Amino acid sequence: MGLFDKLFQAAPEQTKLTQQEAFAGIAVAIAGADGSIASSEWDGIVNYIQRLRIYANFSDQAFNKLFDKLFRILKSQGAGALVKASAEELSEELRLTAFACAVDIALADGVLEDSEKDIINQLASALAIPENTAVSIIEVMLIKNKV
């Protein structure tokens, strides 16, 4: 590494997240798990976020800052790291909602990739959601998203 590389090296992205970042981080991680975010997945994220009270006082600028941070983490560290960082900071009361949102978003584009299945399994574990509860949520979201 040269002298200038040390000077201009990007600082590592801070992965300590707020509640709002953690909830949205789970949604972004699920949507981006397969390497791209479909417009139907993005619409799902926006739809969920607009309905949650924790975002009631967020301005457009605050949302832009939030998503910029989450996309940087997703790009630099991957979906698994974003799920882990988000799950660590997400409150107990938002865990089931975040899991249901994530499953819904993963199913939004009509295709459930293996990478999305892996992240959903990782998410259920990271959020300490009992298997029977996770299966019930997945079943409901499969019905909801049936074409």
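# Reading helix packing in a predicted model

The buried residues of H5 are Ala79, Leu82, Val83, Ala85, Ser86 and Ala87.

Me: Before that, what kind of model is this, and how are residues numbered?

Reply: This is a predicted model, in which local features need pLDDT of at least 70, side-chain atom pairs count only at pLDDT 80 or more, and totals for chains, interfaces and linings use all residues. Residues are numbered from 1 along each chain as its sequence is written, and side-chain values use heavy atoms, with hydrogens and water left out.

Me: How many helices and strands are there in the chain?

Reply: Helices (H or I, at least four residues) and strands (E, at least two) are DSSP runs, numbered from the N terminus. The chain has eight helices and zero strands, giving the pattern α-α-α-α-α-α-α-α along the sequence.

Me: What does "buried" mean, and what share of the chain is buried?

Reply: Buried means under 20% relative accessible area, exposed over 50%, and partly exposed in between (1.4 Å probe, protein chains only). Of the 147 residues in the chain, 39% are buried.

Me: Which helices do the buried residues of H5 pack against?

Reply: A contact means heavy atoms within 4.5 Å. The buried residues of H5 pack against helix H2 (19–32), helix H4 (60–77), H6 and helix H7 (114–126).

Me: Where does Ser86 lie, and why does Ser86 count as buried?

Reply: Ser86 lies in helix H5, residues 79–89. Ser86 counts as buried because its relative accessibility is 0%. Not counting residues up to four places away in sequence, Ser86 touches Leu17, Glu21, Ala22, Gly25 and Ile26.

Me: Which backbone oxygen lies 2.8 Å from a polar atom of the side chain of Ser86?

Reply: A polar contact is a pair of N or O atoms within 3.5 Å; within protein, one must be able to donate a hydrogen and the other to accept it, and residues adjacent in sequence count only if both atoms are side-chain atoms. For the side chain of Ser86, the backbone oxygen is that of Leu82. In helix H2, Gln20 has a side-chain polar atom 3.1 Å from the backbone oxygen of Ile54. Leaving aside neighbours within four places in sequence, Gln20 is in contact with Ile54, Tyr55, Phe58 and Leu66.

Me: How is a pair of packed helices described?

Reply: Two packed helices are described by the angle between their axes and the distance between the axes. Axes are lines fitted to C-alpha atoms, for helices over the stretch in contact, and angles run from 0 to 180 degrees between N-to-C directions. Angles under 35 degrees count as roughly parallel, over 145 as roughly antiparallel, 65 to 115 as roughly perpendicular and the rest as oblique.

Me: At what angle do H2 and H6 pack?

Reply: The angle is about 25 degrees, with the axes of H2 and H6 9 Å apart. H2 is therefore roughly parallel to H6. The contact joins Phe23, Ile26, Ala27, Ile30 and Ala31 of H2 to Thr97, Ala98, Cys101, Ala102, Ile105 and Ala106 of H6.

Me: At what angle do the axes of H6 and H8 cross?

Reply: The axes of helix H6 (residues 95–108) and helix H8 (residues 131–144) cross at roughly 40 degrees and come within 9 Å. H6 and H8 are therefore oblique to each other. Among the H6 residues that meet H8 are Leu96, Phe99 and Asp104, and the H8 residues that meet H6 include Ile137, Met141 and Lys144.
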